[in-house]
Amino acid sequence: MTIRSSRATFSSPSEMTSAADDDPGSSTPRAAARIGEEDDPPDASPERPTSAAVLDRTPRPALWSDVPDEQWDDWRWQLGHRLNTVDELGALLRLTPEEIEGLTAEDKFRVEITPYFASLIDPDDPLCPIRRQVIPLGRELQAFEGMMEDSLAEDAHSPVPGLVHRYPDRVLMLTTTQCASYCRYCTRSRIVGNPHENFSTSDFEQQIDYLRRTPQVRDVLLSGGDPLILAPRTLEMILSRLRDIEHIEIIRIGSRVPVFLPQRITDAFCDMIRRYHPVWMNVHINHPREITPELSRALAKLADAGVPLGNQTVLLAGINDSVHIQRELAHKLVKNRVRPYYLYQCDLVKGAGHFRTTVAKGIEIIEGMRGHTSGYAVPTFAVDGPGGGGKIPVSPQYLISQAPGRVVLRNYEGYITTYEEPTDYDPHRIDHLDREAPRRQEPGQSGVSGLLEGDGLAIKPEGFDTLHRRSGGQHRLNADPSKWQPYHANGHSSNGHSANDSSPSSNGSNGHRPE
């Protein structure tokens with residue numbers, strides 16, 4: 001089957017499989033490491049220089065000392081020689097009994113480590129922050145209080161397979177279940193790593209159809225798995241199909257491939273990305289040791305190709321739960337033209353129990369960064385709300401108190417000051433310009449912002465009205481709902497209805513289902 005677009009003709013996703021779609025238990029070089037050779041030939045010319053200075057290589061372990069640089073620098077070779085067994089990893093590291101227990105567990109989450117990323121591991125330190133992210137421990141299989149299979153309820157907010165539409169104007173588009181290597185705390189471990197859970201051509205067409213008929217979506221985030229593990233022409237086909245949808249303004253890619261497999265960021269890849277701008281990318285770097293000369297070169301290529309770069313870090317106990325480590329990471333990121341974007345609280349997913357910190361630790365880290373370093377080097381600390389609440393920012397409190405005309409604030413040093421507010425401020429002075437600004441519909445999702453706009457009086461928990469009727473019926477005192485509509489001089493209630501409109505939708509429920 002072929003999929004045609006106005007830009008080019010490409011094979012469908014099911015025909016253009018990723019390099020990681022082979023038997024997850026195989027320890028031999030995967031035949032699929034050859035993927036893309038017919039679609040995206042290796043660069044025939046030397047890599048073009050970037051704005052970054054010529055950088056050294058990360059020292060290569062003796063295990064691979066005889067591998068020619070040409071092979072080592074080939075991302076397909078890296079994928080075809082990943083490590084995943086006790087024997088393979090034992091030849092490189094001094095494994096602990098608990099690591100052996102984790103690696104030999106029958107129901108473990110998939111293990112695959114690229115030779116490049118494995119070369120960053122300290123072979124003698126069981127607490128190495130690189131090691132702890134990719135090599136399983138026996139305790140990984142232990143259940144913990146609050147653990148869920150899909151703690152973010154992504155599948156509950158999925159209108160079609162692989163598409164998550166939680167926020168009003170943007171969607172998460174899952175393109176594959178495969179990765180270059182596998183993080184032990186993976187949020188999507190319920191499907192990631194399992195080639196049998198991969199998305200079909202039919203799934204992809206349903207995703208594209210939903211996006212075409214949902215004009216409120218302006219921003220699509222490609223994730224997975226990892227989109228950059230896809231065969232090159234498959235990824236380009238997806239970008240092309242998205243660019244053919246007029247109302248999609250921004251395409252974002254979430255990827256850890258530049259960290260696990262920096263060799264993937266070739267000149268050919270960057271030339272392809274340029275054709276589909278604006279394309280943004282968030283990488284996933286958790287510790288300063290991950291920022292190697294190879295990663296710096298890859299990030300420079302992306303930045304020089306016009307890709308705005310952000311970073312998402314997961315707060316991990318024993319790996320990066322330190323103000324000083326996070327500050328060092330942020331400084332190295334901005335030196336590489338990467339904006340620290342989010343610092344995430346670890347999710348309540350299987351395998352992540354021993355990685356979790358308290359939320360207070362995240363607040364402490366932001367306290368030690370805000371004001372102590374550049375504002376653009378401070379990420380937003382967020383808890384992704386269990387049950388599907390989305391990203392909830394959490395930060396130290398800087399507003400101490402307030403009174404009419406005056407607020408009391410404190411800074412990072414503990415300096416407390418008073419800000420005098422204007423007495424003649426007119427919030428309606430902007431109305432003539434505000435009326436010209438485009439409005440975006442957010443049915444049922446306007447939230448607290450909607451209350452401030454006057455779109456409703458209250459946000460009610462589900463079943464609120466039924467509960468408070470206490471199984472009673474209508475009587476002379478509760479029969480007139482206009483009693484609970486506030487008066488406004490313009491003749492309209494706070495939810496935009498006429499003040500004498502007694503329809504159920506005027507109960508100020510802010511788009512929630514009326515009871």
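1. A salt bridge is a side-chain nitrogen of Lys or Arg within 4 Å of a carboxyl oxygen of Asp or Glu. The pair lysine 361 and glutamate 364 meets this rule, with N to O at 3.0 Å.

2. Two remarks on the basis of this note follow. The model is predicted, so that local features need pLDDT of at least 70 and side-chain atom pairs count only at pLDDT 80 or more, while totals for chains, interfaces and linings use all residues. Residues are numbered from 1 along each chain as its sequence is written, and side-chain values use heavy atoms, with hydrogens and water left out.

3. Both lysine 361 and glutamate 364 belong to helix α13 (residues 359-367), where they stand three residues apart, about one turn of the helix. Helices (H or I, at least four residues) and strands (E, at least two) are DSSP runs, numbered from the N terminus. Lysine 361 is partly exposed at 22% relative accessible area, and glutamate 364 is partly exposed at 41%. Here buried means under 20% relative accessible area, exposed over 50%, and partly exposed in between (1.4 Å probe, protein chains only).

4. In total, 32 salt bridges are counted. One of them joins arginine 76 to aspartate 74, at 3.9 Å from N to O. Arginine 76 is buried, its relative accessible area being 5%, whereas aspartate 74 is partly exposed at 23%.

5. Arginine 213 is bridged to aspartate 209, and their closest N and O atoms are 2.9 Å apart. Arginine 213 counts as exposed, with 52% relative accessibility; aspartate 209, at 38%, is partly exposed.

6. Salt bridges also link Asp150, Glu154, Asp155, Arg188 and Arg190 in a network.

7. The model has one cavity of 30 Å³ or more. A cavity is a set of points, on a 1 Å grid over the protein atoms alone, where a 1.4 Å probe fits but cannot get out; lining residues have an atom within 4 Å of a point. Grid points are joined across faces, edges and corners, and a volume is the space filled by probe spheres set on the points. The largest cavity holds about 60 Å³ of space.

8. Which elements each supply at least two residues of the lining of the largest cavity? They are β8 (309-314), α12 (323-335) and β9 (338-344). Among the lining residues are Asn311, Leu329, Tyr341 and Pro379.

9. The lining of the largest cavity has eight nonpolar, three polar and no charged residues. In this classification, Ala, Val, Leu, Ile, Met, Phe, Trp, Tyr, Cys and Pro count as nonpolar, Asp, Glu, Lys and Arg as charged, and the others, Gly among them, as polar.

Conventions:
On a 1 Å grid over the protein atoms alone, a cavity is a set of points where a 1.4 Å probe fits but cannot get out, and a pocket is an open set with protein on both sides within 12 Å along at least five of seven lines; lining residues have an atom within 4 Å of a point.
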